[in-house]
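Open the model in your viewer and keep the selection tool ready. Each stop below says what to select and what is there.

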Amino acid sequence: MAKKIDLKEIVQDAFGDSIQQVSGYDAAFLYAESATSPMHVATLNIVEGSLKYQDFKEIIASKLHLIPKFRQRLLNVPMNLDYPYWADDPNFDIDLHLNRMKLPDPPNWKTLRYLTSKLFSAPLDLRRPLWSVHFIEGLDEIAQVPKGSVAIFTKVHHVMIDGSSGVGIMSVLYDKDKDGKEKKRNKPKAFNPEPLPDDLSLLLKSGYGFLKNPFKIPKTVAETAYSFIKSQATRKLSIQKEFSSAKFPVPITVFNGSISAKRTWGTALLSFDRVNALRKTVGGSFNDIILAICSGAIRRYLLEKEKLPVHPVVANVPISIRTGSNTKMNNQIANMMIQIATHIEDPLERLEYIQEQTMLGKSRHNTLGAKTLSKMADVVPFGVANLIAGLYSKYNIKDLHRPPFNVTITNVPGPSSVLYLNGHKVVSIFGLTPVVDGFGLIIAAFSYNGQVSITTTSDSRTMPDADVFSRYIRESANELEGLVQNLQKGSSSAKSSKRQEKSRSTLMFTTLKKYLKANPKQVKAHKGIYYIEVGLGDKTEGWEIDLRKATAVIKKKKNLNPKLLVEVEDESLYALYKGNLLLDELKIQGRIKLTGTEANKTKFLNLLSTFLDR
């Protein structure tokens, strides 16, 4: 007998809040999924000591309620008429996501890299919550890792995570102190999911969303057109016209062909302090140094294969557009396109060229802007976008045009202090990222506890020798460090004469003072005291912003024990004030450092954003 249709229940499902729709930007990672391109990210964490599997499983189970999407699955709208929805999975079973295994002989680094490459190549099941963890025991022959240690290999689909939110997940699963073994573990919270809505409910909900905002598409198109015209006008009236698209060709490289299903990866571990010392010596950002190191390795790799293009390789450099108060677990990233100077032989000249590129914010002026692109992604019909992505891969459309970039290089700041798992120290953290047809190389830098891991992910067709490339990254870093040290020794007097003596960013503090005087509500909304230490070559200049009273007080002052310390170079702060840099660019590239409580950091960043957007 056919099941009786309950219209009341269907309507309740359609208009309830139990399911949430995937954004257009997140859905793009579903479109790109193919037999050769599973769209998940992964982390490999090395944990010292003999961590027991049962303890690990209990820890995961006790914290699942803190990461709701780990117990949710995707529901597709019938006929792919709209973006899919997140819904609690009534069939969730943690045992379907946890896997226990022993590292085969010989239990060394090469075997671990081979095993995790194989695991990373396998797609996640799109019918279940989109994550899996492999608990790998018996790491007995890896240098600087105690015998019997374990590896935690975690895969999460990119539709639900970006680099910054991934760091947030890590803070949930791991402890910041080594007393975790002694603490009483919380029992898993009850999971009472509602039944999954049927197809008719999904269609009704999708249709209601369109009826509620029928002018979303024309409105976004109008805003996009305005943004495009504005960006073109700005570019023609500025120095950016020196870098018009005609002078910015993207070469075709060995990284821009069809990829295979088998992943390869390698990693280079660098000292954070040594990389940061280079940044302090030559100026610019931490990210500039990472780009220069990677550029040296890419140049050598292509040169030895006699595949080095005449024009410089172009890197896609993701930047976070996540605000300090935004903790949602989804993708909030934009992109810059940077020429990484592979056409220049001298490493110091390459670095200088890269610094000029990032300071000018070239790509940002040549695009529509992160917010506009995010809006555009939200109005592309799901079925059309899915079809386009499939056709692009199936018919090798990438071969009919030049790629928009050659390689992706991403830098994600991680925890600066040691993490623990049930009292066991996390020794190292490595990040693996997805590659797709036409873009077969991605390099991810991740900082943790005094280390910077620069991990290369590719495939067996594009880069079968990823371990060799990782060696080139280490040697590129050593070469750059040696040249910078020699330059520092040989020209210290010349450099000191060029150092900036007067702060250009003083103008920003003067304008901020006038702004707060005219807007007393902002003083009240951001009540507190903030100290900004501005770098001026071989010295610093301190500014205190005191918003504890009705009238703002901003003055030069030396504060040895501030509640919030903001460290930034004068040239970066001035570029931010003049609109030549975005605040989020400064944060993701490490050009601004905040020390203090999360509440004070959020208040200061909100104050600065409000002032810059005035």
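**Stop one: the core**

Select Phe56. Setting aside residues up to four places away in sequence, Phe56 touches Leu51, Leu98, Val133, Phe135, Ile152 and Leu421 (contact: heavy atoms within 4.5 Å). This is a predicted model, where local features need pLDDT of at least 70, side-chain atom pairs count only at pLDDT 80 or more, and totals for chains, interfaces and linings use all residues. Numbering runs from 1 along each chain as its sequence is written, and side-chain values use heavy atoms, without hydrogens and water.

Now widen the view. Phe56, Ile94, Trp131, Ile152, Val159 and Leu421 touch the most other members of the largest nonpolar core, which has 43 residues. Such a core is a set of buried Ala, Val, Leu, Ile, Met, Phe, Trp, Tyr and Cys residues joined through side-chain atoms within 4.5 Å. Buried means under 20% relative accessible area, exposed over 50%, partly exposed in between (1.4 Å probe, protein chains only). Elements giving two or more residues to this core include helix H3 (53-63) and strand S6 (131-139). Helices (H or I, at least four residues) and strands (E, at least two) are DSSP runs, numbered from the N terminus.

**Stop two: Ser149**

Select Ser149, in strand S7 (residues 149-157). Ser149 counts as buried because its relative accessibility is 0%.

Select Glu306, then Asn422. Glu306, not a glycine, has a positive phi of about 55°; Asn422 has a positive phi near 55°. Which is buried, which exposed? Glu306 is exposed, at 74% relative accessible area, whereas Asn422 is buried, at 4%.
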